[in-house]
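Please consider the structure shown here together with its sequence.

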Amino acid sequence: MKHVFLALFLMLGVTAAHAEGPTQIPLLDQPRDVDAFVFADAEGNARSLQDFKGKVVLVNLWATWCVPCRTEMPQLDRLQAELGGDKFTVLPLSLDRGGADTVNSFYKEIDVKSLPVMVDQANFSARAFKIFGLPSTFLVNADGQEIGRLIGPAEWDDPKMISFLQGVIDEGQKGL
């Protein structure tokens, strides 16, 4: 049964990769607290969302085996290069079991330069956000609360998405 679910998930992912993604993230009516979880940076150091408090964070759960995720990573890299800084960051959390080595190899393959290597081999983030499909992206305000979520791929470097996120960043400093 697990293999049937995985095959269906991958087929849907391939189909979704060919569709044009949304250029906004649906926002929640009220900010929602996120259960604490840990993940690791490229050096294996434990990290958490608390490390990014004070910034609007676009948390993207992904894996190198996920077809739409592979398509999104260069777009997220360009988004981080354009908007990343002291008020905003893209936080790509790889769920690959191969860890940082797998992510580093993939980043080299597709020439990612602006995104950090972050891994969550134990899937703590998926449980904290209560999801089961990839890619899944969450918008977290400067107070560390979830304010929006998008399950599936998006056009991360589309001018409409960048404008939308810039508005959220501007509002995010107020806690939305």
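The following paragraphs treat the strands, then the disulfide, and finally the aromatic rings.

The model is a predicted one.

Strand S4, residues 56-62, pairs with S5 in the parallel sense over seven bridges. Within this pairing, valine 59 has leucine 91 of S5 as its bridge partner. Between S4 and S5 the chain passes through helix H2, residues 67-83, in a β-α-β crossover that is right-handed.

Strand S6, residues 118-119, also pairs with S5 in the parallel sense, here over two bridges. The bridge partner of serine 94 in S6 is valine 119. From S5 the chain reaches S6 through helix H3, residues 99-110, and this β-α-β crossover is likewise right-handed.

Attention now turns to the disulfide. A search of the whole structure finds one. Cysteine 66 is joined to cysteine 69, with an S to S distance of 2.3 Å, which lies within the 2.5 Å cut-off for a disulfide. The link between cysteine 66 and cysteine 69 is right-handed, with 70° about the S-S bond. Cysteine 66 has a relative accessible area of 2% and is therefore buried, the criterion being a value under 20%. Cysteine 69, at 0% relative accessibility, counts as buried too.

The aromatic rings complete the account. A pair of aromatic rings is described by the distance of the centres and the angle of the planes. A search of the whole structure finds five aromatic pairs. Among them is the pair of phenylalanine 37 and phenylalanine 39, which is tilted, with 5.9 Å centre to centre and 40° between the planes. Both phenylalanine 37 and phenylalanine 39 are buried. Another is the pair of phenylalanine 129 and phenylalanine 138: their ring centres are 3.9 Å apart and their planes lie at 10°, so the pair is stacked. The angle that counts as stacked is one under 30 degrees. Phenylalanine 129 is buried at 1% relative accessibility, and phenylalanine 138 is buried with a relative accessible area of 0%. Ring pairs link Phe37, Phe39, Phe129 and Phe138 into a cluster.

Definitions and conventions
Residues are numbered from 1 along each chain as its sequence is written. This is a predicted model: local features need pLDDT of at least 70, side-chain atom pairs count only at pLDDT 80 or more; totals for chains, interfaces and linings use all residues. Side-chain values use heavy atoms; hydrogens and water are left out. Buried means under 20% relative accessible area, exposed over 50%, partly exposed in between (1.4 Å probe, protein chains only). Two strands pair if DSSP finds at least two bridges between them. Helices (H or I, at least four residues) and strands (E, at least two) are DSSP runs, numbered from the N terminus. A crossover is right-handed if, with the strands pointing away from the viewer, the path from the first strand over the helix to the second runs clockwise. Rings of Phe, Tyr and Trp (its six-membered ring) pair if their centres lie within 6.5 Å; planes under 30 degrees apart count as stacked, over 60 as edge-to-face and the rest as tilted.
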